[in-house]
Amino acid sequence: MPKILSVKQLYEADAATVKNKNISFIDLMEHVGILCFEWIHARLQGSQINIQIFCGTGNNGGDGLVIARHLKQYGYNVKTNIINCGNERSDVFLKNYDRLKEIGVWADMITCETELPEISENDMVVDAIFGLGLSRKPENFIKKVIQHINASNAYVLSIDFPSGLFAEKAVTDKDSVIKAYHTLTFQSPKLAFLLPENRIYTKTWEVLEIGLDKEYIYNAKTSNYLLVKEEIKPIYRFRDKFSHKGDFGHSLIIGGSFGKIGAVSLSAKAALTMGSGLVTVHIPKCGYEILQTSIPEVMVEVDGDNELQNFNFEVLPSVIGVGMGMGTKTTTANGFKKFLNTNKIPLVIDADAINIISKNKKLIELIPENSVLTPHPKEFERLVGKWKDDYDKLEKLRLFAKKHKIIVVLKGAFTAIAHEGELYFNSTGNPALATAGSGDVLTGIITGLIAQKYHPFEAALLGVYLHGKTAEIGMETEVYETFVASDIIKNLSGAIMDLFKKEPPIAESNPEQTTDTKKTKNNDDEEMYI
Ligand SMILES: NC(=O)C1=CN([C@@H]2O[C@H](COP(=O)(O)OP(=O)(O)OC[C@H]3O[C@@H](n4cnc5c(N)ncnc54)[C@H](O)[C@@H]3O)[C@@H](O)[C@H]2O)[C@@H](O)CC1
Ligand SMILES: [K+]
């Protein structure tokens with residue numbers, strides 16, 4: 001599983017690479033710079049637009065100088081600007097400064113006194129001011145340069161990080177961070193790119209595999225992972241030829257109220273389509289005919305007139321998905337509490353069931369171990385209270401799931417799945433999933449998987465991944481707006497088939513050979529290399 005490494009680990013990986021691969025740091029930087037150059041060259045194809053490179057004086061700036069040299073040697077129109085306000089310069093920055101001079105290019109020094117260079121909106125800006133080494137928020141003159149770049153409307157490509165964005169803590173001054181169109185980041189996905197509050201700093205991003213020491217990375221301990229196809233594929237289980245429906249469990253979907261029977265229908269249909277052997281719904285009487293007519297494969301039990309009150313189901317399910325469209329009326333809340341007091345069956349808890357629990361936190365203790373909760377951020381906030389920033393939110397998520405021995409699926413872009421102190425960020429999906437009923441379908445999918453004896457944690461990983469993938473498949477023929485929750489169910493089959501689609505062969509990254517990048521899909525409409 002791609003690990004999300006910390007800043008400390010990335011520096012250690014650098015050092016381990018230099019030591020174990022017998023490569024100097026300057027050669028490693030050359031390799032990295034060439035990868036970035038190739039990325040740009042593949043897109044510009046020799047186009048004579050103006051490229052303005054802004055370099056700091058650390059190693060991120062060093063990367064910028066390597067990129068500038070290679071672009072220049074390929075005949076591009078490059079202007080290199082060095083932000084020259086401090087006294088510190090890294091060795092490899094200085095070496096690359098000399099190498100640029102050797103091909104006859106003198107970089108422009110922008111000091112605190114000089115005018116800022118003009119940037120046209122037709123220029124391309126390469127931002128190599130700060131990367132991993134950002135130690136404080138950019139201020140004064142450097143902040144002015146950043147604001148100047150942001151105001152230009154030019155296409156900005158950031159190297160490793162949008163300058164001014166911290167890798168591991170929240171931004172406190174939004175005006176001191178580059179707003180990039182795209183970021184080429186090195187070796188590991190960065191936690192900062194997965195947080196909604198940072199979405200304004202880079203529209204899209206991708207990871208360039210720069211060939212850092214594999215052994216170091218293999219042994220590095222982390223509690224944050226990006227969930228990609230390679231890790232999901234082995235979770236999926238093929239069916240045995242002699243299997244029968246009894247092998248695939250019985251899902252019970254509990255929820256619905258007058259006017260909200262659709263939510264249960266979607267969950268039930270999703271559980272069924274995901275492969276649950278049997279599906280029963282337990283709903284108020286007002287939904288009986290709707291369900292019997294709309295999904296003939298599903299069995300129906302009723303309770304209460306317009307909302308649930310007794311939770312007195314008769315079937316013996318393998319798993320229960322509960323809460324969708326259920327409402328939070330006192331009668332329903334009381335029935336749900338009684339149910340929690342006696343229930344021992346694993347649960348997938350969503351929507352109003354989460355809201356009822358939030359209003360009476362003692363109920364959390366009644367949730368069976370290894371149950372799955374699927375809140376969206378607002379529901380999660382009702383459960384755990386407000387957070388300071390997105391980093392704080394993730395820690396709350398990690399602790400909450402661990403403390404209660406449950407799995408929490410915090411929905412959103414890069415849905416985070418928390419289990420035993422670890423976080424898994426989903427890489428599939430797009431804004432098409434921001435549609436009514438999308439969450440109800442996810443609950444149904446996870447319920448249907450648990451019914452088939454997937455461990456609830458595996459069911460959450462596989463379910464979230466497939467749910468996201470359906471929207472990517474949908475965008476082959478539709479647009480975000482027209483994609484609806486039923487389309488998720490319709491595309492489930494395609495999402496599973498996609499797990500086994502052959503990818504084009506991928507070359508290993510090696511600092512001595514500089515032509516490869518590893519590819520995987522991510523972000524809304526860009527490809528991510530990992
Ligand atoms: N980790 C890796 O795998 C590799 C990293 N490389 C590059 O090296 C970068 C890290 O280089 P460095 O450690 O030199 O760090 P940076 O180049 O990100 O910045 C460090 C310099 O900026 C100064 N600084 C930090 N915050 C400042 C602020 N707010 N105002 C003014 N000055 C500030 C520091 O004092 C230091 O001089 C990476 O981001 C990447 O671009 C690559 O060249 C090679 C491989
Ligand atoms: K940068």
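Predicted model: local features only at pLDDT ≥ 70, side-chain atom pairs only at ≥ 80, totals over all residues.

User: How far apart do the C-alpha centres of domain 1 and domain 2 lie?

Analyst: The bounds come from an automatic or database domain assignment, which gives domain 1 as 7-211 and domain 2 as 231-499. Six residues from domain 1 and seven residues from domain 2 make the contact (C-beta atoms, placed from the backbone, within 7 Å). The separation of the C-alpha centres is 43 Å.

User: What feature does UniProt place at residues 228-499?

Analyst: The span is 42% helix and 14% strand, where helices (H or I, at least four residues) and strands (E, at least two) are DSSP runs, numbered from the N terminus. UniProt positions are in the numbering used here, feature names are shortened, and annotations may be inferred rather than shown by experiment. The unreviewed UniProt entry names the feature "domain: YjeF C-terminal".

User: Which element gives the most to the shell around ligand 1?

Analyst: The ligand is surrounded by 31 residues (C-beta atom, placed from the backbone, within 6 Å of it), and the closest are Gly58, Asn59, Asn60, Gly131 and Gly133. Elements giving two or more residues are α1 (7-20), α2 (25-44) and α3 (59-73). With five residues, the one that gives the most is α3.

User: What is the largest C-alpha distance within the annotated "binding site"?

Analyst: The unreviewed UniProt entry covers Lys411, Gly412, Ala413, Phe414, Thr415 and Gly439 with this annotation. They are spread over 29 residues of sequence but cluster in space, and the largest C-alpha distance is 14.4 Å.

User: Is Thr415 buried or exposed?

Analyst: Thr415 is found in the loop between β15 and β16. Leaving out residues up to four places away in sequence, Thr415 touches Val409, Leu410, Asn426 and Val464. A residue is buried if 20 or more other C-beta atoms, placed from the backbone, lie within 10 Å of its own, exposed if 12 or fewer, and partly exposed in between. Because Thr415 has 25 such atoms within 10 Å, Thr415 is buried.

User: What does Gly412 count as on that scale?

Analyst: Gly412 lies in the loop between β15 (407-410) and β16 (416-419). Because Gly412 has 16 C-beta neighbours inside 10 Å, Gly412 counts as partly exposed.

Key:
Residues numbered from 1 in each chain as written. Chains lettered and ligands numbered in written order. Contact = placed C-beta atoms within 7 Å.
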